[in-house]
Each structure stands twice: as structure tokens, then as C-alpha cells.
Amino acid sequence: MGDTVWERWGAASGLVSVAVGAAALIFERGGVRPGAPSNEITYFYLRNGQAQLTQSLLFTAGAAALLWFAGSLRAFLARAEGGTQRLSTLAFGAAVAQAAMNLLAQAFQVGLAGAPHDGQVPPALISTMDAVFVLANVPLAVMLVAVAVVSLRTHVFPSWLGWLAALAAAAHALLSVSIVIGSGPLAAGGWLATALYPALAVWLVPAAITMIARIGHGESGS
């Protein structure tokens, strides 16, 4: 009984991650182009530095909650997958990689937002931060593909959630391509990139609720 309660709390951490991430978006102030004039970059960080620091703190807490959820997700999938549990392990490893890249990107943001801005900010530093944010979509897509395959094979999640995971994986794979797109709807800040960004949360909320409901009550269904 005690293990079941802890597993449900682990599943609920996915909801915590989404809630904290939503709170972090309140402090979103956009970005600044690496090629912008130095005075424009300096003004951006002077004006928005505190908001970015607060946002990074919240996103860091969200990453910690997502890591906790990833451990519960692995156990949930592994019981249904059986055998070598290769896909369950892959999903967990990809979630860890995504969290690590997210935290690295947050470290760049904290460094830029908290540093004195009485001189020029190196454009390469901004470019690297942006690239890490974008590339974190790659392990996220891998995680969601692994979840989709296990779900559709075993029905550990309802079939519609398996397909939703596949669609979310496609969305994040597409977002990762934006690293080489300088303008247009899929570029950073474009309408398509903005629309695809919440794909993980759209899957994560019903997935976490399903896990909470099924843990301890049989984990297969249709």
C-alpha cells in the first residue's frame, strides 16, 4: 500500500511539472537576437533580467518534478512491457537527457540575466543558449516515441493517449528543426513554433491522471 501511494505521488509530479511550467510562462519576456546591436542586448537584459531569473528558477523546479515523473513513468511502462524493458529504459534515459539540457539552457539564461551588463554581451553565448533550448526537443521526441510504442503495443495507456504521445513526439521533432530556420512560422517566435511548444503538456496532463488512476488498480486497458 505504501509503495502504491508513493507511485501515485510520483505520477502526480507530472502535473506539478506542468503547473510550474505554466507559472514560469508568466515571466516570459521574449528574447533578443544574437546579432542585435550591443545596446539593444544590454537594454533587454537590464529591463528583463529579474523576470528571466524568476522564470529560470521555476523552470528548474519544473525539470526536477519532470525527472521524478520520469522515474514513475519508467516503472509504469516497464511492468507492461516486460522482457528487457528496453523502450521503458529508453524513455527514462531520454527524459533525463532532456532535463539535463533544459537545466544547461537555464544556466545560460541565469548567467546572462544575472551578470553585470555594463559591457557587450557575447552574441555566441546567446546563440548557444538558444541552440540548447531548441535541441532539448530531440530527447523529448525520443521519450514520447518510446512511450507511444509501448502504449500501442500493451495498452498500458489508452490507445488515444498512445497516439497523442506519437503526435507530441512529431511536434517536438519538428521544433528541433527550427535550429536551422531563421525566419517563418517555425522559426523561434513564429506562430507554428508557438503552437507546437505545449505538445508535451497536452500529453502529460492526461497521462499523469491515467497513471494515478491505474496504479494499484491494474495497469492495462484499451
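Figure 1. S13 has its place in helix 1, which covers residues 2-25; helices (H or I, at least four residues) and strands (E, at least two) are DSSP runs, numbered from the N terminus. S13 counts as buried because its relative accessible area is 7%, and buried means under 20% relative accessible area, exposed over 50% and partly exposed in between, with a 1.4 Å probe and protein chains only. The model shown here and in the other views is predicted, so that local features need pLDDT of at least 70 and side-chain atom pairs count only at pLDDT 80 or more, while totals for chains, interfaces and linings use all residues. Residues are numbered from 1 along each chain as its sequence is written, and side-chain values use heavy atoms, with hydrogens and water left out.

Figure 2. Q55 has its place in helix 2, which covers residues 38-81, and Q55 is buried because its relative accessible area is 3%. When its neighbours within four places in sequence are left aside, Q55 is in contact with A24, L25, F27, E28 and Q109. The C-alpha atoms of Q55 and A23 are separated by 8.2 Å, although these two residues are 32 residues apart along the chain.

**Figure 3. Helix 6 and what covers its buried residues.** Helix 6 has 19 residues (159-177) and should therefore span 27 Å at 1.5 Å a residue, which agrees with the 28 Å between its end C-alpha atoms; the expected span is 1.5 Å times one less than the number of residues. In this helix, L161, G162, L164, A165, A168, A169, A171, H172, L175 and S176 are buried. An α-helix has 3.6 residues a turn, so residues three or four places apart point the same way. What covers the buried residues of helix 6 includes helix 4 (123-135), helix 5 (137-154), helix 7 (191-196) and helix 8 (199-214).

Figure 4. Most residues other than glycine have a negative phi. With a relative accessibility of 30%, H155 counts as partly exposed.

**Figure 5. The chain from which the close-up views are taken.** The secondary structure of the chain comes to 8 helices and 0 strands, and along the sequence the pattern reads α-α-α-α-α-α-α-α. The C-alpha trace spans about 60 × 35 × 25 Å along its principal axes. Of the 222 residues of the chain, 43% count as buried. Among the contacts in the chain with a separation of 6 or more, 75% are accounted for by residues 24 or more positions apart.

Definitions and conventions:
Contact means heavy atoms within 4.5 Å.
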